[in-house]
Protein chains: 2
Amino acid sequence: VATDAVNLRPLGLDFAHRGNTTFKSPVIMDTSKPMGERMAAYVKELQNEIVGALEELEQAEAPSFNGAKFERDAWTRTDGNGGGMSCVLSGGRVFEKAGVMVTVMESKMSPAGVAQMRARGRDFGDIPKDAHVPFFAAGISIVIHPNNPHAPTAHMNYRYFEVRDPKTNKPVAWWFGGGADLTPTFLDANDAAHFHAQLKAPCDRSLGKHAYPALKEWCDEYFYLPHRKETRGVGGIFFDDLDTDSPHAPKGATKEQLFAFVRDAGRAFVPAYAPTVARHMRQPYTAAEKRWQQLRRGRYVEFNLVLDRGTKFGLMTPNARIESILVSLPETARWEYCHTPVAGSPEARILDVLKTPRDWLN
Amino acid sequence: VATDAVNLRPLGLDFAHRGNTTFKSPVIMDTSKPMGERMAAYVKELQNEIVGALEELEQAEAPSFNGAKFERDAWTRTDGNGGGMSCVLSGGRVFEKAGVMVTVMESKMSPAGVAQMRARGRDFGDIPKDAHVPFFAAGISIVIHPNNPHAPTAHMNYRYFEVRDPKTNKPVAWWFGGGADLTPTFLDANDAAHFHAQLKAPCDRSLGKHAYPALKEWCDEYFYLPHRKETRGVGGIFFDDLDTDSPHAPKGATKEQLFAFVRDAGRAFVPAYAPTVARHMRQPYTAAEKRWQQLRRGRYVEFNLVLDRGTKFGLMTPNARIESILVSLPETARWEYCHTPVAGSPEARILDVLKTPRDWLN
């Protein structure tokens with residue numbers, strides 16, 4: 001796992017070791033424990049690691065005032081069935097806004113919710129159609145918007161979902177979902193290639209070499225704004241319904257193997273993203289470049305409010321914690337009527353890439 | 001129709017006469033012409049009047065450079081069945097962004113679109129379920145975002161819709177829809193009362209005295225953000241499906257009478273809104289007040305992208321003119337995690353009103 005050592009050493013930063021596979025919490029690797037408990041421990045540990053790395057970047061940028069810190073905000077659902085820890089940094093030197101959110105919950109899905117999952121192909125055996133079905137979910141969700149228009153926005157999310165029998169409360173179905181993607185304001189092909197290479201490694205390692213191209217394409221399809229005819233950014237990986245029967249799981253894959261993939265992919269985020277931020281956070285920029293960033297932030301808002309499944313689900317969930325759902329929105333955004341970049345300009349160059357997704361590794 | 005003469009006279013502005021009922025285009029009052037043609041002529045004339053009034057405000061604020069002007073942008077649909085005229089002002093002294101849009105089109109609805117209208121109670125006689133149904137629509141749609149946080153945002157829209165028999169192309173159903181509403185950043189009860197009084201007058205005149213309270217309530221219900229548990233602003237009037245059978249049309253009402261209401265309501269917009277802008281456009285404000293405006297602009301974006309029917313319909317329509325649909329978004333917006341105004345502050349005062357809509361006229 002190579003990072004851009006040349007540019008990072010002067011800042012005293014080295015993110016390569018963050019991709020390792022040892023953990024402080026012994027539960028994570030304890031195969032005798034239920035997966036829900038292990039995933040919950042994993043996302044909490046990963047949250048701390050990522051918050052730490054982002055605070056290091058803040059500190060490196062502004063050693064004199066020690067950088068901005070995350071506010072840590074534990075919350076519980078009003079119905080008492082779970083909660084989470086929201087870590088949010090606002091108004092930093094490096095980051096305009098960064099949210100690193102963990103949720104762990106047990107609750108019940110409405111029959112309509114179950115019907116939707118069945119409609120996309122999930123099999124819940126003989127659970128009746130009118131049942132309120134218990135489920136467990138544990139996940140981490142991250143959106144990071146840096147100040148500098150040359151430093152890209154990043155998003156990452158990994159989650160474990162378990163559906164339980166309404167009578168016995170035993171798991172009847174489970175799957176992993178998630179991914180990570182990069183949204184630059186200006187094109188830097190090295191950043192995109194580095195991000196993709198870091199995410200490809202865990203795919204290759206645990207799922208085999210067919211997985212990355214499939215999950216990369218899924219990402220380009222998911223983060224697509226039909227009304228703009230452009231993708232949100234330069235992509236990454238995206239997957240859902242990942243269980244041992246998934247077409248993206250290798251033949252004979254075990255649940256343990258899929259969890260290993262998710263652990264690796266989550267751990268790959270810091271080495272995939274932090275070096276890029278470090279490289280760009282002190283880059284000079286013009287007012288026009290900042291304005292273009294604000295316009296791209298507007299597109300980010302459009303995607304999240306109009307198209308993102310998780311956001312839409314959250315907005316329709318009664319008593320959902322709206323601040324946790326909308327923390328993904330940038331602090332500032334902009335819309336101009338009929339804004340069209342000059343042909344051949346850096347603004348037009350990134351638009352070309354968003355209209356025709358590229359293969360970054362070949 | 002009283003306006004705030006005291007404050008407007010020094011600016012050389014007088015908007016009261018804009019509420020009159022004579023028109024330049026003779027087609028508008030020519031009862032021998034089809035309603036579609038008359039409505040199209042009306043919205044075009046109204047667009048010119050409103051653009052003129054807003055340019056007067058720009059000029060009054062900055063006489064030395066003559067104020068910002070609207071860009072007029074005629075467009076046609078890619079399928080050739082209609083088009084419109086978009087008048088947009090950006091970066092003015094008074095207005096951050098103002099869009100005054102007219103659309104006139106003839107096209108065909110998909111069977112799914114027809115089914116949706118039937119589901120909300122519209123009767124299309126014996127038009128078959130699988131038919132692509134021709135329709136005509138003419139409308140004006142306005143969103144105005146001033147710079148000064150003490151000057152409220154306003155929205156207005158009036159439209160005429162006609163469904164035609166697929167075989168004979170004769171009208172089988174028609175209705176009017178629309179309304180106007182005010183979205184202040186800070187509460188000014190006089191502004192809200194003035195706006196509501198100006199809109200109540202055409203309701204009383206053409207629909208009877210039961211109409212305004214009903215259309216006012218409909219407005220509060222429509223412009224409601226369930227995920228925030230607040231309305232978008234201080235309301236106004238809202239209506240749809242207004243034909244001679246509508247519960248909001250007086251008994252024995254004619255189509256001519258409903259058109260008179262729509263004409264009056266459209267003409268009421270300038271006297272309802274322009275004096276309020278004139279009163280606030282030079283009011284001093286702090287950086288904190290501007291920031292609160294930006295946060296409220298964020299809510300405006302949330303409403304329009306997540307909830308507004310017209311915007312959602314537009315985003316899902318293939319080959320729709322996306323710039324005309326999203327011109328309603330403010331130029332700038334802001335989101336902060338868990339922002340909570342201090343109790344008793346002006347910020348908290350407007351939130352109270354948004355959480356519990358008020359009767360402004362009693």
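This briefing walks through how two protein chains meet and how a few pieces inside them are put together. Keep in mind that the model is predicted. In it, 28 residues of chain A are in contact with 29 residues of chain B.

**Where the chains meet**

- The size of an interface is often given as the accessible area lost when the parts come together.
- Here, chain A and chain B bury about 2,600 Å² between them, and 60% of that is on carbon and sulfur atoms.
- On the chain A side, Glu323(A), Trp335(A) and Tyr337(A) lose the most area to chain B, and together they make up 30% of what that side buries.
- Now for the charged partners: the rule finds four salt bridges across the interface of chain A and chain B.
- One salt bridge links the side chains of Arg228(B) and Glu323(A), at 3.4 Å from N to O.
- Which parts of chain A each supply at least two residues to the side that touches chain B? They are β2 (82-90), β3 (95-109), α7, α9 (322-325) and β10 (332-334).
- Of these, α7(A) gives the most, with four residues.

**A strand pair across the two chains**

- β10(A) teams up with strand β10 (residues 332-334) of chain B: the two pair in the antiparallel sense, over three bridges.
- To find this pairing in the structure, look for Arg334(A), which stands opposite Thr332(B) in β10(B).

**Strand β6 in chain A**

- Is strand β6 of chain A mostly buried or exposed? Eleven of its 13 residues (171-183) are buried, so β6(A) is largely enclosed by the rest of the structure.
- On one pairing, twelve bridges join β5(A) to β6(A), and the two run antiparallel. Glu162(A), for example, stands opposite Trp174(A) in β6(A).
- β5(A) and β6(A) form a hairpin with six residues between them, and Asn169(A) in the turn has a positive phi of about 65°.
- β6(A) also pairs with strand β9 (residues 235-242) of chain A, again in the antiparallel sense, over six bridges. There, Asp181(A) stands opposite Gly236(A) in β9(A).

**Strand β6 in chain B**

- In chain B, eleven of the 13 residues of strand β6 (171-183) are buried, so β6(B) is largely enclosed by the rest of the structure.
- Twelve bridges join strand β5 (residues 153-164) of chain B to β6(B), running antiparallel. Arg159(B) has Gly177(B) in β6(B) as its bridge partner.
- The hairpin of β5(B) and β6(B) has six residues between the strands, with Asn169(B) in the turn at a positive phi of about 65°.
- β6(B) and strand β9 (residues 235-242) of chain B pair in the antiparallel sense over six bridges, with Asp181(B) opposite Gly236(B) in β9(B).

**A tucked-in loop residue**

- Asn147(A) sits in the loop between β4 (133-146) and β5 (153-164) of chain A.
- Why does Asn147(A) count as buried? Its relative accessible area is 16%, and buried means under 20%.
- The side chain of Asn147(A) reaches the backbone nitrogen of Glu96(A) at 3.5 Å.
- Residues that Asn147(A) touches include Gly92(A), Phe95(A), Lys290(A) and Gln293(A).

**Helix α10 in chain A**

- In helix α10 (residues 346-355) of chain A, the buried residues are Glu347(A), Ala348(A), Ile350(A), Leu351(A), Val353(A) and Leu354(A).
- These buried residues of α10(A) pack against β8 (230-231) and α7 (287-307) of chain A.

Terms used
Residues numbered from 1 in each chain as written. Chains lettered and ligands numbered in written order. Predicted model: local features only at pLDDT ≥ 70, side-chain atom pairs only at ≥ 80, totals over all residues. Heavy atoms only, no water. Buried < 20%, exposed > 50% of the residue type's maximum accessible area, 1.4 Å probe, protein only. Contact = heavy atoms within 4.5 Å. Buried area = accessible area lost by both parts, 1.4 Å probe. Pairing = 2+ DSSP bridges. Polar contact = N/O pair within 3.5 Å; in protein donor to acceptor, adjacent residues only side chain to side chain. Lists of a residue's contacts leave out its neighbours within four places in sequence.
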